[in-house]
Amino acid sequence: MLLSKVFIPTLREDPKMAECISHKLMLKAGLVSMISSGIYTYLPLGLIILRKIENIIRRRMNEEGAVELLMSALQPLEIWQQTGRDETLKEVMLKVKDRRKRELCLGPTHEEEITEIAKRFILSYKQMPLILYQIQTKFRDEARPRFGLIRSCEFIMKDAYSFDSDEEGLNISYEKMLRAYDNIFRDMSFDFVRIEADPGAMGGNFSHEFMVPAEIGEDVLCFCPKCGKYYRSSGECRDCGIKLIEKRMIEIGHIFKLGTKYSSAQSAYFLDSKGKRRPVIMGCYGIGVSRIMPAIIEQSHDSKGIVWPPCVSAFDASLLVLERENDFLYKEAFSLYEKLTGAGFDILFDERAEPAGVKFNDAYLIGSPYIIIIGKKYKGHNKFELEVRKTGEKHLFAAEQLINFLKESHNGS
RNA sequence: CGGGGGGUAGCGCAGUUUGGCUAGCGCACAUGGUUUGGGACCAUGGGGUCGUGGGUUCAAAUCCCACCUCCCCGACCA
């Protein structure tokens, strides 16, 4: 992509409203823009990254046999009354009335709605096991939105729901999701923790949380500095007997065995092999998709900007021509751009007539894993300079070498 | 929801204590020129309901009242 043709409005100064690093960098790098407290627009660059994150999730969910659907964000309040959660979630639920005075809410989550789908279509044990998932916008009237996309009133979640005819089936589905989540967060290069959790208001009897350590985390876990194990309470390490240290964590995923809480309340019944009517056994599995971007940034940045792990970076590399009005250099740069694009790489080509400092700073801010530089020095040796964003390490390459280098790093990641 | 701090050009800010020339600065933006390996320079220019409403006054960004909104700490958080 040509930088002058894409809409990436980077900011020079730190935005005043941003308090934490990821929030600041997301605004500065032109990933998102705040519309109101807790409400954000994804700008084009942010959307590219969001899609990459979503697709990592899709790949792993599909791999475990989960099937994607898309439920409505607008939901009749009626289905919430059946489970009583119109009361338990009263505070966070955004409600509206339509012109016929029908009471609706903007879904804060989708257990009730998916259970309606199950009730309607899952009639026999032969239709299970089944795992359905969606990537959807949720709405919550948060008491205090904060940290940018970490806690917002409108956010994107991947929510999956498993349907089984017996406990054993539920255990298998749950294991599948545990595996998928481990893979997803590993794919995203997270330093993450998986820990048993309290099901809370979600209901059910068993639950795991996936968390990443970060200063701005809203949860606290205790960890053993020797073996690295995490605990919920601050005793001492069961293995090492060492005093634990508190660590702030961001919750990025949470999965639950629900059992029949929702299916019973909403009469989602099926007939088993003996023709007996029984409630479907459910599990639900959430990932805070819009929270992942800031969580990655919290874990991967430096004083100059974002350092994207290659798997979620919008671009494989940024390409800078420093002397824009030098026809020779521009032609060399453009031909390299075409070669790299032809080889299947996503390249952000900064061909603007801006001073070198502006281009370097934007490139560091945007955070592509590699920066390829064509300027004065190129005229000396006719080699392309490649800077590794993460380490600052520099290489000189001819075009073919450069392509091979990028291919290798691509396969490695 | 409790406590604290903010709102002046697209962004970042000064000015408000002590009311008074035409409301300023940096960046960005536009035009022309010089530049081009680290947010460059010169010249010219455009852009403002000073958060909103009401009040006090000869005179309000500045004082008074109400409201809106943003941020921080806490409570809450499937």
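Two strands pair if DSSP finds at least two bridges between them; helices (H or I, at least four residues) and strands (E, at least two) are DSSP runs, numbered from the N terminus. The model I present today is predicted, so local features need pLDDT of at least 70 and side-chain atom pairs count only at pLDDT 80 or more, while totals for chains, interfaces and linings use all residues. Side-chain values use heavy atoms, without hydrogens or water, residues are numbered from 1 along each chain, and chains are lettered from A.

I begin with the sheet. Five strands, in the order E20-E19-E21-E22-E23, form an open sheet with mixed pairing. Strands E20 (347-350) and E23 (394-397) are the edges; each has a single partner strand, so one side of each lacks a neighbour in the sheet. E19 (residues 317-321) and E21 (residues 370-374) run parallel and are joined by 5 bridges, and Ser318 stands opposite Ile371 in E21.

I turn now to RNA strand B. A residue is near the strand if one of its heavy atoms lies within 4 Å of it. By that criterion 38 residues surround RNA strand B, the closest being Glu19, Arg140, Arg144, Arg151 and Met157. Sugar and phosphate make up 46% of the RNA atoms that come within 4 Å of the protein. Which helix gives the most to this surface? Helix H10 does, with 6 residues.

Finally, the polar contacts (pairs of N or O atoms within 3.5 Å). A base nitrogen of RNA strand B is 2.7 Å from a side-chain N or O atom of Glu13, and another entry places a polar side-chain atom of Arg146 2.6 Å from a base nitrogen.

Conventions. Polar contact = N/O pair within 3.5 Å; in protein donor to acceptor, adjacent residues only side chain to side chain.
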